[in-house]
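Q: Can we go through this chain together? I would like to start with the overall picture and then look at single residues.

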Amino acid sequence: RFRIINRWWDICKMIKASTVFQVCLVVISFLGILAFNACFSESEDFSSQPVKLQGQTLSTPYEDLNFYEYVTASIGGKSLPYINNGGISDDAVGLKVPYIEGTLLDGSKEIIFDDSNFGLDSQSTVIIVLAHWCPYCRSEVRELSKYFIENEIPETIRMISLVTSVDPAGVNYPPHQWFDEEGWSIPVIVDTIESDIAHYLGVNIFPSFVIIDENGIVTLRLAGRIGPEGFKSLISELDKRHLGGDIK
């Protein structure tokens with residue numbers, strides 16, 4: 001590097017440049033070398049150090065064994081009241097669903113409802129809430145997986161599933177392997193280790209179904225298994241609603 005500076009000095013002498021010009025040229029060359037060294041060193045340090053995102057999901061469950069322990073969610077607004085399984089009415093119907101942004105099994109983000117999309121997509125959203133250790137959920141996933149293969153969901157309906165109450169000591173852990181084995185084709189949001197998303201949806205019974213309209217308003221919640229026939233009826237009623245009917 002200093003040979004470069006000496007070379008410039010010799011050239012200046014050959015062309016009989018002034019002393020001031022020679023000094024300026026050498027200084028500029030020296031500063032250029034320093035700048036090059038700084039960029040090069042920074043690139044070396046960046047490429048050799050692992051990227052760490054504190055408070056965020058590092059990867060996917062396929063790559064990171066700690067995915068389920070550290071997965072995060074962004075939640076805002078009021079939580080919905082819990083489903084009263086023996087009640088005649090549901091106090092959550094008619095309420096606005098909280099803002100929920102969760103993490104999918106592929107590591108990407110998914111927003112359940114955003115006010116920026118208020119009424120624009122004209123879709124109802126069906127959220128299927130599941131727990132991997134729940135025998136009723138296992139039966140529901142197995143039967144509905146086959147239903148989704150054999151039946152097309154109308155464009156007026158958006159499907160999302162939520163895996164919650166994740167327990168490393170429970171059966172079918174880790175959940176992503178369970179979904180893969182069952183051929184589950186519905187996008188899966190992973191709840192936090194504290195089950196924050198399920199809490200804000202007011203769900204503590206598995207499986208459960210939460211249906212919101214295009215404006216983010218809860219129109220129906222169902223607790224317990226409904227099976228393929230019940231699901232077919234639900235989808236039919238939702239599709240009719242977008243054609244001018246109401247959910248029964």
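Predicted model: local features only at pLDDT ≥ 70, side-chain atom pairs only at ≥ 80, totals over all residues.

Q: Of the contacts between residues at least 6 apart in sequence, what share joins residues at least 24 apart?
A: The share is 73%. A contact means heavy atoms within 4.5 Å.

Q: New topic. Where are the cis peptide bonds?
A: One joins Tyr173 and Pro174, with omega about 0 degrees. Pro174 sits in the loop between strand E5 (157–163) and helix H5 (175–182). Another joins Phe206 and Pro207, with omega about -10 degrees. Pro207 is in the loop between helix H6 (196–200) and strand E7 (208–212).

Q: Which residues have a positive phi although they are not glycines?
A: Ser165 has a phi of about 50 degrees, and Ser195 has one of about 60 degrees. Ser165 lies in the loop between E5 and H5, while Ser195 lies in the loop between strand E6 (188–190) and H6.

Q: Are those two serines buried or partly exposed?
A: Ser165 is partly exposed, with a relative accessible area of 22%. Ser195 is buried, at 17%.

Q: Now the rings. How many aromatic pairs are there?
A: The structure holds 9 aromatic pairs. Rings of Phe, Tyr and Trp (its six-membered ring) pair if their centres lie within 6.5 Å; planes under 30 degrees apart count as stacked, over 60 as edge-to-face, and the rest as tilted.

Q: Why is the pair of Tyr68 and Tyr173 classed as it is?
A: The pair is tilted because the planes are at 55 degrees, and the ring centres are 5.7 Å apart. Tyr68 is in helix H3 (residues 67–70) and Tyr173 is in the loop between E5 and H5, so the pair links distant parts of the chain, 105 residues apart. Tyr68 is buried at 4% relative accessible area, whereas Tyr173 is partly exposed at 31%.

Q: And how do Phe148 and Phe231 pair?
A: Phe148 and Phe231 are edge-to-face, 5.4 Å centre to centre, with 85 degrees between the planes. This pair also links distant parts of the chain: Phe148 in helix H4 (residues 135–150) and Phe231 in helix H7 (residues 227–241), 83 residues apart. Phe148 and Phe231 are both buried.

Q: Which residues form the aromatic cluster?
A: Tyr147, Phe148, Trp178, Phe179, Trp184 and Phe231 form one cluster.

Q: Last topic: how many salt bridges are there?
A: The count comes to 5 salt bridges. A salt bridge is a side-chain nitrogen of Lys or Arg within 4 Å of a carboxyl oxygen of Asp or Glu.

Q: What does Glu110 meet?
A: Its side chain meets that of Arg158 in a salt bridge of 2.8 Å, N to O. Glu110 is in strand E3 (residues 109–111) and Arg158 is in strand E5, 48 residues apart. Glu110 is partly exposed at 22%, while Arg158 counts as buried at 17%.

Q: And Glu140?
A: Glu140 meets Arg225 in a salt bridge, 2.8 Å from N to O. Glu140 is in helix H4, and Arg225 is in the loop between strand E8 (218–223) and H7, 85 residues apart. Glu140 is buried at 0%, and Arg225 is partly exposed at 36%.

Terms used. Residues numbered from 1 in each chain as written. Heavy atoms only, no water. Helix = DSSP H or I, 4+ residues; strand = E, 2+ residues; numbered from the N terminus. Buried < 20%, exposed > 50% of the residue type's maximum accessible area, 1.4 Å probe, protein only.
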